[in-house]
Amino acid sequence: MSLSKRTTRPLDHLVLPVVELAQARRRLSDLGFVVADDARHPFGTENACVFFADNTYLEPLAIASREECEEAALAGNAFVARDQAFRFRQGPEGLSAIVVGTSDAASDHMRFRASGISGGDMLEFSRPMRLPDGREGLGSFRLAFAADLRSPDFFLFSCQRIRALPVDQTALQRHENGVLGIAEVVLSEPNPTDFQYLLQEGVDDREVSAHSFGMDIQTGNAKLTVLNVAGMEAFFGRSVNGAERGLRGRAVVFRVADIEATRALFARNDIEFAEMGGRLIVPEAPGQGVIFAFGV
């Protein structure tokens, strides 16, 4: 494929495994997020999403029916199988997948296969969602998966919205903490460039900015960063095990309208945070499996 035909994919959403949606809802609400109603997938998982004005969102993901999940995984559902594998190896909370938007998941699937990074068969499904006005909408999606066997605890997939939910999400996007969208997604790996090919193909962009702390890849609307051990310490004050290989989801960096208002909200809600590099760094907590950082 020639570089001229590449179209950088935008970040669509992040998959965040959680123990249970009720706990995640409490934590996210305390952080000042508006959380949508619970919604169930037809293969045994459920979510309660947080939508942003930049058309990205968080997908806290829980197990609604273990039996249905196991049946779906055995039938070849890569989404459920990889969620189960993540929970088995890393525990029930974290950041397991980055999702990019696409207008043609079938084409992405063929590209992933040709590049040797296919993460499984395509998946197409529909699910209902309760709208803010009380109505129910139906969304339909087609997913294409990309993965690297050397990194079993992380994958990417592209998401095509076959039938978009007919909803004005304005009310769901007005967050008390002032978050406008996702600015950056942070992964870690002792030698970040070992996985640049997977990430480049995942977002369909060859441009990589390498630096002493790792590398950055720009999606259509957010930055994807992979930090080494020193980078995690420098930017987040977090020590990670340099002997553990493979990509790990570590942090989500949010863009806020007024960081002073965000700080005041955290103080009122007794949210633990530190300040580094002009950002508010909130460590992991039950219902929030990775670091959340807030900046302008």
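Start at the N-terminal end of α7, which is capped by aspartate 258: a side-chain oxygen of that residue sits 3.0 Å from the backbone nitrogen of glutamate 260. I call this a polar contact, meaning a pair of N or O atoms within 3.5 Å; within protein, one must be able to donate a hydrogen and the other to accept it, and residues adjacent in sequence count only if both atoms are side-chain atoms.

Some housekeeping. This is a predicted model, where local features need pLDDT of at least 70 and side-chain atom pairs count only at pLDDT 80 or more, while totals for chains, interfaces and linings use all residues. Residues are numbered from 1 along each chain as its sequence is written, and side-chain values use heavy atoms, with hydrogens and water left out. Helices (H or I, at least four residues) and strands (E, at least two) are DSSP runs, numbered from the N terminus.

Helix α7 covers residues 259-268, and its buried residues are Ile259, Thr262, Arg263, Leu265 and Phe266. Because they fall within an arc of 160° when seen down the axis of α7, they line one face of the helix. The arc is taken over the directions from the helix axis to the C-beta atoms. Buried here is under 20% relative accessible area and exposed is over 50%, with partly exposed in between (1.4 Å probe, protein chains only). On the face turned away from the buried side are the exposed residues Ala267 and Arg268.

What do the buried residues of α7 pack against? The partners are β14 (248-256), β15 (274-276), β16 (279-282) and β17 (291-295), with contact meaning heavy atoms within 4.5 Å. After α7 comes aspartate 270, with a positive phi, near 60°.

Now α6, residues 229-236, where Gly231, Met232 and Phe236 are buried. These lie within an arc of 100° seen down the axis of α6, so they line one face of the helix. Their cover includes β10 (179-188), β13 (223-227), β14, β15, β16 and β17. At the start of α6, a side-chain oxygen of asparagine 228 comes to within 3.2 Å of the backbone nitrogen of alanine 230. Glycine 237 follows α6, and its phi is positive, near 60°.

Last, the pocket. Residues lining the second largest pocket include Phe86, Asp153, Arg248 and Glu284. A pocket is an open set of points on a 1 Å grid over the protein atoms alone, where a 1.4 Å probe fits, with protein on both sides within 12 Å along at least five of seven lines; lining residues have an atom within 4 Å of a point. β14 gives the largest share of this lining, three residues.
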